[in-house]
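Here's a friendly walk through one protein structure, written for someone meeting it for the first time. Take a look at the sequence and the model before reading on.

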Amino acid sequence: MASLRKKPRSPYFYACFLDHSGRKRQRSTKETNRKRAQRIAEEFERAGRTHRTVAQVRRVLTSLHLELAGDTLPAVTVSDYSHRWLEGRRSEIAPRSFTAYEDQVRTFLSWLGERGSGSLEAITRAELVTYRDQRSAETSAATANNGLRVVRMIFRAAKRDGLIGDDPSENVPAVRERRRTGRTFGPGDIRAVMSVATPEWASMILFGALSGLRLSDIAGLTWQNIDMEAGAVRLVVRKTSEPLTVPLAPSLKEHLGTLGGSDDPGAPLHPRAADILARHGRCGMLSREFGEILTAAGLREPVGRKPSGRGLRAPRTDRGLKFHDLRATFVTALHEQGVAPEICRALAGHASDVVHRKYARFGAAALADAVGRLGDPSQ
């Protein structure tokens, strides 16, 4: 029979009982009244011995709570808890990451529809698998997996908070991601895009290839980010909110000298791009413009005008080079010049080696040169 015990420094009674396997269990009853705590302990034991589901246990506890406390046990809805969890992350992550989480929560609750107003415990693993599969059909595998990751964090936190007994997302695997066959820009590619680019775009392309900065960071650069005396560009990365210092390559320093500078340290280096970034809050429009430059340079197929019928949320196809590949070009060039991997990673501002390795895309010539340095193993 279930019994009670008190722990030092706790006002609550703890239920001591055996589960179906004969294993001893202890759970807090969250009760200071012995009579009520005993009733709860007995229900814990019955639930443990009969393999009741979380929903069944909750119905019993709801009935018990009504009997002992005179009111119903409040249920936490998926929507309420998701928003509470999201708000708790606001001060823990970078603003751009918070916005991404916010989008994923909004998408999940929209998919749930009316079920978002239901209890957390009512969500099943089968539903989450369906959600993952539908997202995978509508978007890229990476986007679907990012959405699943946020859902997992929500349910893991709910279990930790004692709101659910089992985490339905725990055994929902991610979908398989196709390996991206990214490219780097060769010297001929750089010359081709520079030849058809406007002066401002030519400047941003040079920054991308010689500093490895993301397009949004390049568009947001002001003259106060440039330390000509120290020969470095200093900024806070928009994606991570982390400070980053990248020394200026000689060619980039020479290029900055041709821009003339400004008496206003807050003046942007690339005024038009900075205006677009400020108005839209993201660089999607700039990415599309660069795609047009690639097309004009003969490095990308033109975008078809005929509707695909798949909608805006359909998975995007890989159409070749993009501005972000200039970042990979920068990282790969550093590695090929023999720069230590930890220095390459610091210059790129990557948080982990796993991420950094994705940007080192060595060409056939570099690989052949490395093997060509090997001597005769018999000597």
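## Before we start

Keep in mind that this is a predicted model. Residue numbers start from 1 along each chain, following the sequence as it is written.

## The sheet of β1, β2 and β3

Let's begin with an open sheet built from three strands, arranged in the order β1-β2-β3 with antiparallel pairing. The edges belong to β1 (3-6) and β3 (24-28): each has a single partner strand, so one side of each is left without a neighbour in the sheet. On average, neighbouring strands here are turned by 30° against each other, direction ignored. As background, strands of a sheet pair through backbone hydrogen bonds, either parallel or antiparallel.

Now for the individual pairings. β1 and β2 run antiparallel and are joined by four bridges, with K6 having F13 in β2 as its bridge partner. The two strands make a hairpin with six residues between them, and R9 in that turn has a positive phi of about 70°.

## Two hairpins with β5 in both

β4 (residues 226-227) and β5 (residues 232-236) run antiparallel, and two bridges join them. One spot to look at is D227, which stands opposite A232 in β5. This pair is a hairpin with four residues between the strands, and G231 in the turn shows a positive phi of about 70°.

β5 also pairs with β6 (residues 243-247), in the antiparallel sense and over five bridges. A232 turns up again here: its bridge partner in β6 is P247. The hairpin of β5 and β6 has six residues between the strands, and S241 takes a positive phi near 65°.

## Helices α5 and α6

Time for some helices. The axes of α5 (residues 125-138) and α6 (residues 141-160) come within 8 Å and cross at roughly 155°. That angle makes α5 roughly antiparallel to α6, and the crossing is right-handed.

Which residues in α5 and α6 meet? From α5 there are L128, Y131, R132, R135 and S136, and they meet T143, A144, L148, V151 and F155 in α6. Sorted by class, this contact has six nonpolar, two polar and two charged residues.

## Helices α13 and α14

Another helix pair is α13 (325-336) and α14 (residues 341-348), which pack at an angle of about 155° with their axes 9 Å apart. That makes α13 roughly antiparallel to α14, and their crossing is right-handed.

In this contact, R327, F330, V331, L334 and H335 in α13 meet P341, C344, L347 and A348 in α14. The residues divide into seven nonpolar, one polar and one charged.

F290 lies in helix α12 (residues 284-296), while F323 is in the loop between α12 and α13, so the pair ties together parts that are 33 residues apart in sequence.

Technical notes: This is a predicted model: local features need pLDDT of at least 70, side-chain atom pairs count only at pLDDT 80 or more; totals for chains, interfaces and linings use all residues. Side-chain values use heavy atoms; hydrogens and water are left out. Two strands pair if DSSP finds at least two bridges between them. Axes are lines fitted to C-alpha atoms, for helices over the stretch in contact, and angles run from 0 to 180 degrees between N-to-C directions. Angles under 35 degrees count as roughly parallel, over 145 as roughly antiparallel, 65 to 115 as roughly perpendicular and the rest as oblique. A crossing is left-handed if the near helix is turned anticlockwise from the far one by less than a right angle, and right-handed if clockwise. Contact means heavy atoms within 4.5 Å. Ala, Val, Leu, Ile, Met, Phe, Trp, Tyr, Cys and Pro count as nonpolar, Asp, Glu, Lys and Arg as charged, and the others, Gly among them, as polar.
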